[in-house]
Number of protein chains: 2
Amino acid sequence: MRTPRFTVLAEGAFGVETAKTATSAIRYLPERVSSILDSRFAASTVTDVIGFGGAIPIVSSLSEALALEPGPEALLIGIAPQGGTLPEAWRGMLHDALKAGLDVWSGLHTHLSRDPDLSALAAALGRSLVDLRKPPPDLVVGTGLAQRTTALRVLTVGSDCNVGKMTTALELRRELEERGVRTGFAATGQTGILIAGSGIAVDAVLSDFVSGATERVTLEAARDTDVVLIEGQGSLMHPGYSAVTLGLLHGALPQCMVLCAMPGRGSIYGGNHDWVSLPPLEEVIRRYEEALSWAHPDTPGKVVAVSLATYDLDEEEAKAAVEEVIRMTGLPVTDPIRFGVEPIVAAVEARRADVTAAASP
Amino acid sequence: MRTPRFTVLAEGAFGVETAKTATSAIRYLPERVSSILDSRFAASTVTDVIGFGGAIPIVSSLSEALALEPGPEALLIGIAPQGGTLPEAWRGMLHDALKAGLDVWSGLHTHLSRDPDLSALAAALGRSLVDLRKPPPDLVVGTGLAQRTTALRVLTVGSDCNVGKMTTALELRRELEERGVRTGFAATGQTGILIAGSGIAVDAVLSDFVSGATERVTLEAARDTDVVLIEGQGSLMHPGYSAVTLGLLHGALPQCMVLCAMPGRGSIYGGNHDWVSLPPLEEVIRRYEEALSWAHPDTPGKVVAVSLATYDLDEEEAKAAVEEVIRMTGLPVTDPIRFGVEPIVAAVEARRADVTAAASP
């Protein structure tokens with residue numbers, strides 16, 4: 001899958017969490033992002049709004065995006081509405097993009113390629129509709145095959161959604177590769193798949209196949225590597241997404257987990273779910289280790305470090321939050337974006353040494 | 001959905017666990033079962049093979065099934081192969097059934113209505129293909145709505161697959177209704193849907209929607225009732241199906257659970273999964289209560305009774321197994337088929353009294 005140059009649709013949402021596909025594309029595929037479409041910030045750069053990403057321009061219309069040099073080859077839907085259906089308000093813009101010669105890439109649950117109107121127009125114009133969340137047709141029920149990897153399996157897990165599970169895995173990959181460790185990344189969500197160029201969106205497969213899909217991406221990404229980083233999803237405590245999380249845990253059967261969290265978040269994110277309060281992080285850690293052990297009784301996986309997303313705190317508050325979680329958990333803790341990922345890398349490498357030693361005769 | 005009179009395809013599998021749709025149809029819809037198709041037992045009755053079901057004949061061919069009076073109106077696929085795809089060996093018989101004027105009902109994952117060959121033939125002949133596992137198109141992410149029922153929510157949970165979760169719920173329904181308690185049954189699997197005439201197969205929905213689908217069937221079945229019995233699926237310990245189980249638990253948010261188990265089963269059923277050993281039942285109970293509490297911290301649900309499937313034991317062994325589990329758990333225990341469901345009904349009614357009292361001002 002060759003990744004084209006995108007204009008990223010984030011109308012009305014750039015800079016907030018529902019536009020995390022847009023933000024992550026800027027962080028991990030900057031050379032592929034031609035512009036961001038959000039009329040609220042016309043004539044700004046992305047750095048003006050999110051603090052990184054350089055001079056990538058924000059535009060207020062598709063025609064403005066098309067006029068840039070070099071221009072986009074595709075429109076990427078950079079917003080993930082809950083439930084994942086296409087807002088009807090976007091249909092006109094997708095028509096315009098196809099007519100202007102762009103492909104359309106999407107991570108929505110409802111596949112654009114199954115929309116009769118859009119697929120007919122794309123076919124007539126010779127354009128592609130790429131559904132990042134479309135699973136392969138031949139998935140099976142999981143049977144614990146991930147245990148066969150010689151690579152150390154590392155899963156990022158979360159107290160909640162939107163707390164940095166993909167980002168932590170990608171920062172870990174960058175740093176491990178810089179140190180010469182052969183590293184694979186098993187993408188399990190639409191943005192991860194966009195960045196990795198492969199993977200399966202495990203929240204978009206039939207529920208019987210979540211762990212089977214996870215073991216498949218894990219085995220593929222683990223080939224010829226020393227460490228495979230598996231992108232986590234959701235939270236065991238999330239009343240809407242916990243199924244995905246437990247299936248992922250029992251499909252990946254990690255020897256090593258990194259807990260991702262936001263300091264001070266006292267309940268599950270989003271107005272539909274905030275009736276579920278979140279326990280202290282040491283209790284979250286215990287729950288993940290226990291739930292993993294149910295289907296992996298012999299070589300239980302451990303949470304070896306905590307990754308905090310502190311972007312909504314100032315520098316002093318962020319440092320204090322890291323210190324507090326170190327005190328509370330006794331584990332290495334960092335915000336990989338703000339303070340660097342090194343403490344987590346060290347913890348993963350120590351776990352790899354332990355697992356390797358235990359496996360030797 | 002009017003339920004037709006069936007000939008039930010169970011070729012090579014009648015009497016074993018993969019044919020549980022056939023067995024359950026005989027137990028709960030006997031007046032709808034015209035014959036069972038399994039050439040191994042031609043000229044026998046179902047009672048000869050499974051010990052109940054009366055004089056329903058077993059036939060060795062479709063033409064024999066069609067010659068019966070009154071004859072079948074539909075062929076029901078009564079076997080659930082793991083993974084749920086249509087064995088190619090059955091295609092010819094499905095053709096013959098459609099040509100003979102029968103509809104075809106199926107609980108397979110792969111929908112017959114999406115099979116180009118079968119759907120073209122059915123359309124040409126004016127026959128119907130009914131996919132019991134086909135979910136409604138408008139599912140959403142779960143948000144805890146099940147908590148709104150005034151009916152007591154009772155979920156059957158299991159140490160494993162094939163341990164009586166649907167049967168226990170249906171036996172409970174029968175006995176509660178006999179006592180004048182208004183009772184709903186929320187079907188979550190293909191056989192339950194066949195028997196109830198409605199429901200959603202939660203193992204066949206996208207994983208993001210498991211808890212949302214569960215809360216929808218729970219709310220529908222709970223209307224104008226005192227107790228809603230929710231059919232459980234899988235096991236928290238099952239490496240292939242645990243995603244479905246946790247999503248169901250967090251969608252149903254039961255105040256009351258009944259644990260279903262088979263005495264002496266020491267590991268997860270099936271050669272692909274038996275590397276996962278099962279803990280003692282009191283530990284299984286603790287795990288369900290804990291996992292439920294993660295998304296339901298305020299009014300935690302309790303396991304109030306244990307339902308044992310003892311069909312592979314003799315009478316003395318079965319009694320000993322019940323006594324042992326009573327000693328181990330301190331809970332009411334029975335095999336609802338062999339010894340009657342009354343001890344479980346009493347436990348559910350006691351829990352209903354407690355929950356009602358706690359809700360009163």
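How many residues does the contact take from chain B and from chain A? Select both chains to begin. The contact takes 45 residues from each of them, chain B and chain A; contact means heavy atoms within 4.5 Å.

This is a predicted model: local features need pLDDT of at least 70, side-chain atom pairs count only at pLDDT 80 or more, and totals for chains, interfaces and linings use all residues. Residues are numbered from 1 along each chain as its sequence is written, chains are lettered from A and ligands numbered from 1 in the order written, and side-chain values use heavy atoms, leaving out hydrogens and water.

**The interface**

Together, chain B and chain A bury about 3600 Å², with 57% of it on carbon and sulfur atoms. Buried area is the accessible area (1.4 Å probe) that two parts lose on being put together, summed over both. Now select B:S207, B:W275 and B:W294. They supply 20% of the area that chain B buries against chain A, more than any other three residues.

**A salt bridge**

Next, pick A:D208 and B:R133. They form a salt bridge, with the closest N and O atoms 4.0 Å apart. The rule asks for a side-chain nitrogen of Lys or Arg within 4 Å of a carboxyl oxygen of Asp or Glu. It finds four salt bridges across this interface.

**B:D203**

Stop at B:D203. Is this residue buried or exposed? B:D203 counts as buried because its relative accessibility is 7%, and buried means under 20% relative accessible area (1.4 Å probe, protein chains only). Leaving aside neighbours within four places in sequence, its contacts include A:D208 and B:R133.

Definitions and conventions
Buried means under 20% relative accessible area, exposed over 50%, partly exposed in between (1.4 Å probe, protein chains only).
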